[in-house]
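Here are my notes for your review. Please read them with the model open beside you.

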Amino acid sequence: MREADLTFEKNDKGADGNASAPSSLDERFSAVRSNAFDDIYFAGDGIHETRHVFIHGSDLPARFLSKRRFTIGELGFGTGLNLLEAWRAFDEAGTEPGARLTFISFEKFPLSRADLERVHGIWSEHAERSAILRDRLPENAPGFHDIQLAPSVSLLLYLGDVVDGLSRLDAFVDAWFLDGFSPAKNSDMWSASVFDLLAERSNKRATISTFTVAGAVRRGLSQAGFEVEKRPGFGRKRDRLWGQRSDLSKTPRDTRRPPWFQPPGPKPRDVSPKVAIIGAGVAGAAAAHALIAAGCNCTVFDPRGPAAGASGNIGGLIMPRLDLGDTPQARFFTQSYVHALRVIGLLPGAHEFFNRCGVFLRLDDAKADALISDPPLPANQIERREGGLFFKDAGVIDPQKYVQALLGDTQIFKTHINHIDTNDTGSVSLNTDDKPPIHFDAVIVANSVGALRLHAGGYLPISGVAGQIDAFLEAHAPASATAAGPYFAPAPGGGVLVGATYDKIDLEKACNGDVETSPAATSENINAVAALAPAFAQSLSSERAMSRASVRCQTPDRLPIVGPAPDPEFYQASYEGLKHGVKASYPPAEYQNGAWLLTGLGSRGLVTAPLCGALVAAQILGAPFDAPSPVDQTVADALHPGRFIFRELKRAQNKKSLYRSESLSD
């Protein structure tokens, strides 16, 4: 993805072609022009037009007070001015504690940081906000980027084609800003398909504001279901356009999803729901981190305390998994890596527990060449080297400190939860061995294979995989990590980290964490290093290894399980026709009220947990209806817990029950 090509020019004409005085705020230039589209981002200081057309033109200050979670959608991120102004208006609106603003924007040709810094220098009133924005904007990696800007303000930025982005958007918007280049310069941004997608992703009473009153735009929006009208324009522009979704009584429905992946639907929720998280590994910690950022109250339960399982390893890699092709799986893993780097970078003391030393991934030449020819990551983050690819921003992390940083001050109880009770009101009760039931608005089951012991996850096809890593603290550490399945890397505490073995174990042992280290596993790790770097492996002595073994939780498709816990009986009864190929109008899925799943992260949990935590947090808060999802709709469906029940039905296997046959005791 290339950056926008700009011209900073002295210009005595405004964006409408009429005379306009140069900005009094900056005499270096009075207009910023896109060379690709031969159109102007803004003329003068730009702020007053933004306020007139989009902020006050959408009546945002008043609307911020009437809806605790407000979502703005924008076509054309450009300089970020509309975001900065919406952020300012939200801060000044006097909203109640717990109110949140999400700003969604789409941009195919993002500006460079240097150009943004030059443009942002005009707006002194946004100096602090614009500095935060520039610091947290992603490199030009395609897809969605979920960015926390302030405790109450976040940006969901899509880099790529607007039709692709809108098609994948998993959100419903309250106010749209149409701020692409003029229809005459960039017709793709103003097409009928775009207008239809806007209507499809609009909440009740959603509004549209734009500077243009072109006839094609008015007709297109009307045909898509918006009532539009001309209103007074800004400066020498006589008119602007305002519109509202026509059918104000119609509740948004996720028409693109099949019934078995339909979300639970919008429900009245406390602005700061009480959420219990079962499991204090990286999955539970990431969920707590995301929920706290969203203003929720969290309590974590784990009888062994934080990072006691696989998350308590000596070290682990933060590196991307890159797949060929534009698939939901490929997008998930790429976005997870970019998101994890962003989250880690903002954690207190990250420089002390994350060594951004770079990782060299051994690949055959054909795959390495294919990936580098169309890189899913910014080109400056990937270097083609002989025998593979080098990722300069990847590195080695101390998982225990990582988990502690994600948890922050979250309250943790070393208590065993033996049962979850749900009811029709949506609240849940947790039953422990030694206390009365504890009540919460929602619970996230994030305890790896231990989810199989609980009612919320008894049907899941997850398995346990034992893995051992070895640290050689006296060995000379390499400058960077090398991976090819197995890996060797500089250990967080000094020396060399080598891993990891991969052995399936039975469910009872997996649930109990019954896995031990062995000299044979250490030898296996050393031999794996020998295949990557024979000379280096000779410096490793098995007698000096510090070993640790743990259990990873794995799914059949190697994707995590993230989302509302399905009601298996409902799935089996309502979608029985799928076993026989019956085409029917199936009812939307039903779930175990208040219960959510976050498990099955496998060997890449250190990388995927932050995005999975952000997704389940958004879902608890009502995504996609009341809060945007941080991932695209196809990715959310690919992670949906109900996918396994659906696949079993589609395979038409003659099973008496969808529940697993093993009996697991407590």
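1. Which residues of helix α1 (residues 47–55) are buried? This is a predicted model. In α1, the buried residues are Ile-47, Thr-50, Val-53, Phe-54 and Ile-55. They lie on the same side of the helix, because the arc they cover around the axis is only 150 degrees. The cover over these buried residues includes α2 (60–66), α3 (81–92), β8, β9 and β11 (239–245).

2. Next, the eight-stranded sheet. Its strand order is β6-β7-β5-β4-β8-β9-β11-β10. The sheet is open and its pairing is mixed. β6 (143–150) and β10 are the edge strands; each has a single partner, so one side of each is left without a neighbour in the sheet. Direction ignored, neighbouring strands are turned by 20 degrees against each other on average.

3. Arg-100, Thr-102, Ile-104 and Phe-106 point one way. Leu-101, Phe-103, Ser-105 and Glu-107 point the other way. Note that Arg-100 and Glu-107 are among the buried residues.

4. What are the partners of β5? With β4, the strand pairs in the parallel sense over seven bridges. Here Gly-73 stands opposite Ile-104. Seven bridges also join β5 to strand β7 (residues 153–159), and these two run parallel. On that side, Thr-102 stands opposite Ser-154 of β7.

5. Which residues of helix α7 (residues 192–200) are buried? They are Val-194, Phe-195, Leu-197, Leu-198 and Ala-199. These residues pack against strands β4 (69–75), β8 (173–178), β9 (202–210) and β10 (226–232). They also pack against helices α6 (162–168) and α8 (215–224).

6. Strand β12 (residues 274–278) pairs with β24 in the parallel sense over four bridges. In this pairing, Ile-278 stands opposite Val-445. Three bridges join β24 to strand β32 (residues 591–599), and these strands also run parallel. Val-443 has Ala-595 of β32 as its bridge partner.

7. How many residues does the largest nonpolar core have? It has 84. Ile-277, Ile-444 and Leu-598 have the most contacts inside it. Helix α18 (residues 605–620) gives the most to this core, with 10 residues. As background, nonpolar side chains tend to be buried together in soluble globular proteins.

8. Take Ile-277 as a point from which to inspect the packing. Leaving aside neighbours within four places in sequence, its contacts include Gly-284, Ala-287, Ala-288 and Leu-291. Cys-298, Thr-299, Val-300 and Phe-301 are also in contact with Ile-277. A second, separate core has 42 residues, among them Phe-261, Phe-301, Tyr-575 and Tyr-586. Three bridges join strand β22 (residues 428–432) to β23. Across that antiparallel pair, Ser-429 stands opposite His-439.

9. Last, the cysteines. How many disulfides does the structure hold? The number is zero. Cys-357 is buried, with a relative accessible area of 14%. Cys-553 is buried too, at 4% relative accessibility. Both values fall under the 20% cut-off, which is why both residues count as buried.

Conventions
Residues are numbered from 1 along each chain as its sequence is written. This is a predicted model: local features need pLDDT of at least 70, side-chain atom pairs count only at pLDDT 80 or more; totals for chains, interfaces and linings use all residues. Side-chain values use heavy atoms; hydrogens and water are left out. A disulfide is a pair of cysteine sulfur atoms within 2.5 Å. Buried means under 20% relative accessible area, exposed over 50%, partly exposed in between (1.4 Å probe, protein chains only). A nonpolar core is a set of buried Ala, Val, Leu, Ile, Met, Phe, Trp, Tyr and Cys residues joined through side-chain atoms within 4.5 Å. Contact means heavy atoms within 4.5 Å. Two strands pair if DSSP finds at least two bridges between them. The arc is that of the directions from the helix axis to the C-beta atoms. Axes are lines fitted to C-alpha atoms, for helices over the stretch in contact, and angles run from 0 to 180 degrees between N-to-C directions.
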